[in-house]
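Me: I have not looked at this structure before. Please take me through its side-chain contacts, one question at a time.

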Amino acid sequence: MVERSVSFEFNSPEYGKLARKMVEMLYSRKEQLSDDRIAILMNISTAEARRILQFLSKTNMIGVVKTTTPDYRVEYTWYVDDVVITNAIKKRIELVSGKLALLVRALAEGTYYVCPNCHRRYSLDEELAYNGICPICKVQLIYINNIDEINRVTKILEKLERYASSI
């Protein structure tokens, strides 16, 4: 989850791998570390460490503590523990559940066709506009039985809800 999110955000597989290693290191050390200390331990620049840490914090994948020093400087320390991991999973489940609920609503309101090759979904209007042929693959579109699709997605939603309530 961490590696893919960071790779996508920064358009860099290397940053994704680095972020995963950073999270693993923070979790294994079981302590709060400053961004400078993390940069040293990861052998990267402090700027790179801060960029990745801020993104991970924004997406609830790591925890952060803000403190003010006696000379009025603000310092941040970063950590990963079981609570952070649980909250990250719950947030991801909420996001996926919201998208699946929108899909169920869309399926209930319309008729859809799918390309058997590229699996792109087309509305009835699009199917009519393309004469039932996928404009990408040039293959006949297949009608989706919305009730079966709604039932399948609803079962997934129920599993996600049960899992979220169990953690």
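This is a predicted model: local features need pLDDT of at least 70, side-chain atom pairs count only at pLDDT 80 or more; totals for chains, interfaces and linings use all residues.

Me: How many salt bridges does a search of the whole structure find?
Reply: Side chains of opposite charge can pair when their charged atoms come close. Counted over the whole structure, the number of salt bridges is eight.

Me: Which helices does the salt bridge between R50 and D36 tie together?
Reply: The closest N and O atoms of R50 and D36 are 3.6 Å apart, and the cut-off for a salt bridge is 4 Å. The two residues are 14 apart in sequence, so the pair ties together separate parts of the chain: D36 lies in residues 35–42 and R50 in residues 46–58. Those stretches are helix 3 and helix 4.

Me: Are R50 and D36 buried, exposed or partly exposed?
Reply: Buried means under 20% relative accessible area and exposed means over 50%. R50 has 35%, and D36 has 38%. Because both values fall in between, R50 is partly exposed and D36 is partly exposed.

Me: Which residue pairs with R121 in a salt bridge, and in which helix does that residue lie?
Reply: R121 belongs to strand 5, residues 121–123. Its salt bridge, at 3.6 Å from N to O, is with E149. The partners are 28 residues apart in sequence, so the pair ties the strand to residues 146–166, and the residue and element asked for are E149 and helix 7.

Me: Is E149 buried or exposed?
Reply: The cut-off for buried is under 20% relative accessible area. E149 has 13%, so it counts as buried.

Me: How far apart are the closest N and O atoms of E149 and R152?
Reply: Both residues lie in helix 7, three residues apart, about one turn of the helix. R152 is partly exposed, at 49% relative accessibility. The closest N and O atoms of this salt bridge are apart by 2.5 Å.

Me: What kind of aromatic pair do Y122 and Y130 form?
Reply: A search of the whole structure finds three aromatic pairs. In the pair of Y122 and Y130, the ring centres are 5.9 Å apart and the planes are at 80°. Plane angles over 60 degrees count as edge-to-face, so this pair is edge-to-face.

Me: Which ring does the charged end of R121 sit over?
Reply: The charged end of R121 is 5.9 Å from the ring centre, and the distance cut-off is 6 Å. The ring is that of Y112.

Note on methods. Residues are numbered from 1 along each chain as its sequence is written. Side-chain values use heavy atoms; hydrogens and water are left out. A salt bridge is a side-chain nitrogen of Lys or Arg within 4 Å of a carboxyl oxygen of Asp or Glu. Helices (H or I, at least four residues) and strands (E, at least two) are DSSP runs, numbered from the N terminus. Buried means under 20% relative accessible area, exposed over 50%, partly exposed in between (1.4 Å probe, protein chains only). Rings of Phe, Tyr and Trp (its six-membered ring) pair if their centres lie within 6.5 Å; planes under 30 degrees apart count as stacked, over 60 as edge-to-face and the rest as tilted. A charge sits over a ring if NZ of Lys or CZ of Arg is within 6 Å of the ring centre and within 35 degrees of the ring normal.
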